[in-house]
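Here is a friendly walk through one protein model. Take a look at the sequence and the structure first, and then we'll go through some of the details together.

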Amino acid sequence: MKTKPNDAFAQVWQRVKEPAALFDPESIKGLIALQWQEAATYLYLSRRLGGREGTQLHNLFTQCQSHTACLKGIYTLATGKHYSAKSLPPQEEPVEVTLRRCYGNKMRCLAEYEARGADPEYGQVFLRLAQQEREVCSEILEIIGRLTHKV
């Protein structure tokens, strides 16, 4: 049976209009919460350390807020719902321990973003976030390296 030209066009248009997401939008709730928690941690550490490291950490705080907003935007577009995450107060622990945890969290985020990089609708955004996370990892390591010289 032959397909009418209009039927073929409608099928193609349907695929273009609603690309199959390679990820479940609900799965980014965890990333939103993690970015929000990281933002709170960087703000706390920036106030605690001050100086050059404090400025660097405050910039990381701002970047985490931006990533959170971006992820919330993806969630809203993909689901039609808004998501709000809450963060817990940062833990009282040595700065180096906190930064180690932050580094591990960034590596997890990086892996998640890279895994979503092939998504037809949001893949390029996830890849941009992944590149920024690589840079954050370098900054965290730099801060840790400078802190060990101060001790």
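## A buried glutamine to start with

Let's begin with Gln132, which counts as buried because its relative accessible area is 18%, and the cut-off for buried is under 20%. You'll find Gln132 in helix H5. Keep in mind that we're looking at a predicted model here.

Which residue sits 69 positions away from Gln132 in sequence, yet 8.7 Å away in space? That's Gln63, with the distance taken from C-alpha to C-alpha.

## The overall picture

Now let's zoom out. The protein has 5 helices and 0 strands. Follow the chain from one end to the other and the pattern reads α-α-α-α-α.

How many residues does the protein have, and what share of them is buried? There are 151 residues, and 35% of them are buried.

Helix H2 covers residues 29–49, and helix H3 covers residues 51–79. These two pack with their axes 8 Å apart, at an angle of about 160 degrees. Because of that angle, H2 runs roughly antiparallel to H3, as angles over 145 degrees count that way. The crossing of H2 past H3 is left-handed. As for the residues in this contact, 14 are nonpolar, 8 are polar and 4 are charged.

H2 also has a partner in H4. Here the axes come within 11 Å and cross at roughly 150 degrees, so H2 is roughly antiparallel to H4. What's the handedness of this crossing, left or right? H2 and H4 cross in a left-handed way.

Pro25 is 49 residues from Ile74 in sequence, but their C-alpha atoms are 7.9 Å apart in space.

Gly54 belongs to helix H3 too. Is Gly54 buried or exposed? Its relative accessible area is 6%, so Gly54 is buried. Along the chain, Gly54 and Ile143 are 89 residues apart, while 9.5 Å separates their C-alpha atoms.

## Aromatic rings

Time to look at the rings. A pair of aromatic rings is described by how far apart the centres are and by the angle of the planes. Searching the whole structure turns up 2 aromatic pairs. One of them is formed by Tyr113 and Phe126, with 6.2 Å from centre to centre and 25 degrees between the planes. This pair counts as stacked, because its planes are under 30 degrees apart.

Where do the two partners come from? Tyr113 is in helix H4 (residues 95–115) and Phe126 is in helix H5 (residues 123–150), so far as the model places them.

Which residue lies over the face of Trp36? It's Lys72, at 6.0 Å from the ring centre.

Definitions and conventions. Residues numbered from 1 in each chain as written. Predicted model: local features only at pLDDT ≥ 70, side-chain atom pairs only at ≥ 80, totals over all residues. Heavy atoms only, no water. Phe/Tyr/Trp six-rings, centres within 6.5 Å; stacked < 30°, edge-to-face > 60°. Helix = DSSP H or I, 4+ residues; strand = E, 2+ residues; numbered from the N terminus. Lys NZ or Arg CZ within 6 Å of the ring centre and 35° of its normal. Axes fitted to C-alpha atoms, helices over the stretch in contact; angles between N-to-C directions. Parallel < 35°, antiparallel > 145°, perpendicular 65-115°, else oblique. Left-handed = near helix turned anticlockwise from the far one by under 90°. Nonpolar A, V, L, I, M, F, W, Y, C, P; charged D, E, K, R; others polar. Buried < 20%, exposed > 50% of the residue type's maximum accessible area, 1.4 Å probe, protein only.
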